[in-house]
Amino acid sequence: MGLGENFHLIPSRFDFSDNLIRSINLDERVLAKFLSNESELRKKDLVLIDCAPTESIITRTAYYASRYILVPVRTEFFSTIGFPLLKESLDKFKFVNPSHAIDVCGVLINNSETKRSARGPHHQSALRDIKKKASEYHWPLMRNQMFHSRGYPKLMSDKYPVYTGNAVGEFRRIADEFVRMVGLLPYKE
């Protein structure tokens, strides 16, 4: 199965956040209702919802609309602080909504140093902390990592319609692992 037309990304948008915040009758289920009522989106196998890495109305709205959470995390100090906060936020949501099935399907090390560069002690320390917390929380750590690459902006640009650099293969490996983690393709060892 190729993702192609069955894939849809809803990027993080400030205007959506603004509309929720200014709402008189705030409904945290508004996105879930929209996704279930929108005929074109109901046909999709996968809808990704991008959220800022903070506890907010947007996060809770995304929780109601989601079955799985992918946690991209950078190997830096602030990420190690945010990890327990995300766990706490998710646990609170699950406590208040015990019938809503939602789980972390994976943790993606994101924008880490390039494979060839020397990784400093801060990177190594943060990576150890992330791995420890992921294990403690029973959140699977993805095998593939999103390394820093100038190729990703090129992939998104019309200037490079046939970009074939290292970023292409890396992104495909991450996407393949992710769709297997959420059960859209059989998992292979």
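His 122 is exposed, with a relative accessible area of 69%. Exposed means over 50%, buried means under 20%, and partly exposed lies in between (1.4 Å probe, protein chains only). This is a predicted model, in which local features need pLDDT of at least 70 and side-chain atom pairs count only at pLDDT 80 or more, while totals for chains, interfaces and linings use all residues. Residues are numbered from 1 along each chain as its sequence is written, and side-chain values use heavy atoms, with hydrogens and water left out.

His 122 sits in helix H6 (residues 121-137). Helices here are DSSP runs of H or I with at least four residues, numbered from the N terminus. The C-alpha atom of His 122 is separated by 6.8 Å from that of Glu 76, although the two are 46 residues apart along the chain.

Now turn to helix H5, residues 77-96. Leu 85 belongs to H5. Leu 85 is exposed, at 51% relative accessible area. Phe 77, Phe 78, Ile 81 and Leu 85 make a nonpolar surface patch of about 470 Å². Other residues of H5 are buried, including Phe 83, Leu 90 and Phe 93.

Helix H4 (residues 57-64) is a contrasting case. Here 7 of the 8 residues are buried, so H4 is largely enclosed by the rest of the structure. Among them are Ile 57, Thr 61, Tyr 63 and Tyr 64. Thr 61 has a relative accessible area of 1%. A polar atom of the Thr 61 side chain lies 2.7 Å from the backbone oxygen of Ile 57. At the N-terminal end, Ser 56 caps H4: a side-chain oxygen lies 3.2 Å from the backbone nitrogen of Ile 58.

What links H4 to H5? Look at the rings. A pair of aromatic rings is described by the distance of the centres and the angle of the planes. Rings of Phe, Tyr and Trp (its six-membered ring) pair if their centres lie within 6.5 Å; planes under 30 degrees apart count as stacked, over 60 as edge-to-face and the rest as tilted. The count comes to 6 aromatic pairs. In one of them, the ring centres of Tyr 64 and Phe 93 are 4.8 Å apart and the planes stand at 80°, so the pair is edge-to-face. This pair joins Tyr 64 in H4 to Phe 93 in H5, 29 residues apart. Both residues are buried. Ring pairs also bring in Tyr 63, giving a cluster of Tyr 63, Tyr 64 and Phe 93.

Notes: Patch = residues over 30% accessible without salt bridge, like charges linked within 9 Å, V, L, I, M, F, W, Y side chains within 5 Å. Areas by Shrake-Rupley, 256 points an atom, 1.4 Å probe, with all protein chains shown as cover. Salt bridge = Lys/Arg side-chain N within 4 Å of Asp/Glu carboxyl O. Helix = DSSP H or I, 4+ residues; strand = E, 2+ residues; numbered from the N terminus. Polar contact = N/O pair within 3.5 Å; in protein donor to acceptor, adjacent residues only side chain to side chain.
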